[in-house]
Amino acid sequence: MDEHDVAIQSPVEAEDAPQSGLRERVLQALTQVFDPELGINIVDLGLVYSVEVNDAGDVDITYSLTTMGCPIGPLIEDQIRAFLAPIEGIGEVRPELVFRPPWSPELMSDEAKASLGIF
């Protein structure tokens, strides 16, 4: 997936794949990972760019932060691993922090925008 593909894809769209049930459980678990400064989960913030689950149950997650200098990257990655660990069928969890494309408020869910007063 190149930079253009990520930019035109809405964050974490459902995919028709053999592991789609496991993928949905992964996405649900990721809604428990919160940005500590904003108090909103990383899925609704639009920080999760992609979630791919292979046939072995290994999970590749591409995510970003609201700014390049944001110091919470390691905390977010630790939380991703912690909330995915109990899911049955999960293999290796491989989160990857990226800054391209850059995050923008347009990626947030309507609920996240409303809670931050962005309309």
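Residues are numbered from 1 along each chain as its sequence is written. In this predicted model, local features need pLDDT of at least 70 and side-chain atom pairs pLDDT 80 or more, totals for chains, interfaces and linings use all residues, and side-chain values use heavy atoms, without hydrogens and water.

**Exercise 1.** Check the span of helix H3 (residues 73–84).

Solution. Helices are DSSP runs of H or I with at least four residues, numbered from the N terminus. The expected span is 1.5 Å times one less than the number of residues.

**Exercise 2.** Find which residues of H3 are buried, and where they sit around the axis.

Solution. Buried means under 20% relative accessible area, exposed over 50%, partly exposed in between (1.4 Å probe, protein chains only). Gly73, Ile76, Gln79, Ile80 and Leu84 are buried in H3. They cover an arc (from the directions of the helix axis to the C-beta atoms) of only 125°, so they share the same side of H3. Pro74 and Asp78, on the other side, are exposed.

**Exercise 3.** Describe the largest nonpolar core.

Solution. Such a core joins buried Ala, Val, Leu, Ile, Met, Phe, Trp, Tyr and Cys residues through side-chain atoms within 4.5 Å. The largest has 31 residues, with Leu30, Val51, Ile61, Ile80 and Leu84 making the most contacts inside it. Helix H2 (20–30), strand E3 (48–53), strand E4 (59–63) and H3 each supply at least two residues; strands are DSSP runs of E with at least two residues. H2 gives the most, with 5 residues.
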